[in-house]
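This report describes a single chain. The sequence and the structure come first, and the description follows.

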Amino acid sequence: RNLHRQQKEKLYGVTWRPHPPSMLTASKQKEIRKNIKQYSKKYDAMDDQAKESARQAFKRDRESKMNDFIKVLDRLKDWKAERVEENAWDEAMEAFDS
């Protein structure tokens, strides 16, 4: 019995595929439904552990990149100090200031 009909634009067809029969027995399905909280706690703990390890890996990677960047900045600072000494700009600035 058709209760409502509404035509959709450009909807050419809808197919429905039924789910295959479960590979679990009825008793096993009943046991799983009964103990779903235990299973969910177990898998939630596994998920939390995976998330934490991913966070730690991201943090280590970020710290490594930050340390590499700081090393580059230190090298640039040393290079700049060498250039100032080499060109005697520091003496010229001191003479200018006094």
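How many positive and negative side chains does the chain have, and how far apart do the centres of the two sets lie? In this predicted model, there are 23 positive and 18 negative side chains, and 27 Å separates the centres of the two sets.

**Fold and dimensions**

The chain holds 3 helices and 0 strands, which gives the pattern α-α-α along the sequence. Its radius of gyration is 34 Å, whereas the globule rule gives 13 Å for 98 residues, so the chain is more spread out than a compact globule. The C-alpha trace spans about 100 × 45 × 20 Å along its principal axes.

**Surface**

Of the 98 residues, 0% count as buried.

**One residue in context**

Lys28 is placed in helix 1, which covers residues 26–34.

**Confidence**

The mean pLDDT of the chain is 88, and 98% of the residues score at least 70.

| Element | Residues | Mean pLDDT |
|---|---|---|
| Helix 2 (highest) | residues 36–87 | 94 |
| Helix 3 (lowest) | residues 89–97 | 78 |

Where pLDDT is low, predicted coordinates should not be read in detail.

Key
Residues are numbered from 1 along each chain as its sequence is written. This is a predicted model: local features need pLDDT of at least 70, side-chain atom pairs count only at pLDDT 80 or more; totals for chains, interfaces and linings use all residues. Side-chain values use heavy atoms; hydrogens and water are left out. Helices (H or I, at least four residues) and strands (E, at least two) are DSSP runs, numbered from the N terminus. The radius of gyration is taken over C-alpha atoms; the globule rule is 2.2 Å times the number of residues to the power 0.38. Buried means under 20% relative accessible area, exposed over 50%, partly exposed in between (1.4 Å probe, protein chains only). Lys and Arg count as positive and Asp and Glu as negative; His and the chain ends are not counted. The place of a charge is taken as NZ of Lys, CZ of Arg, CG of Asp or CD of Glu. pLDDT is the predictor's confidence in each residue, from 0 to 100.
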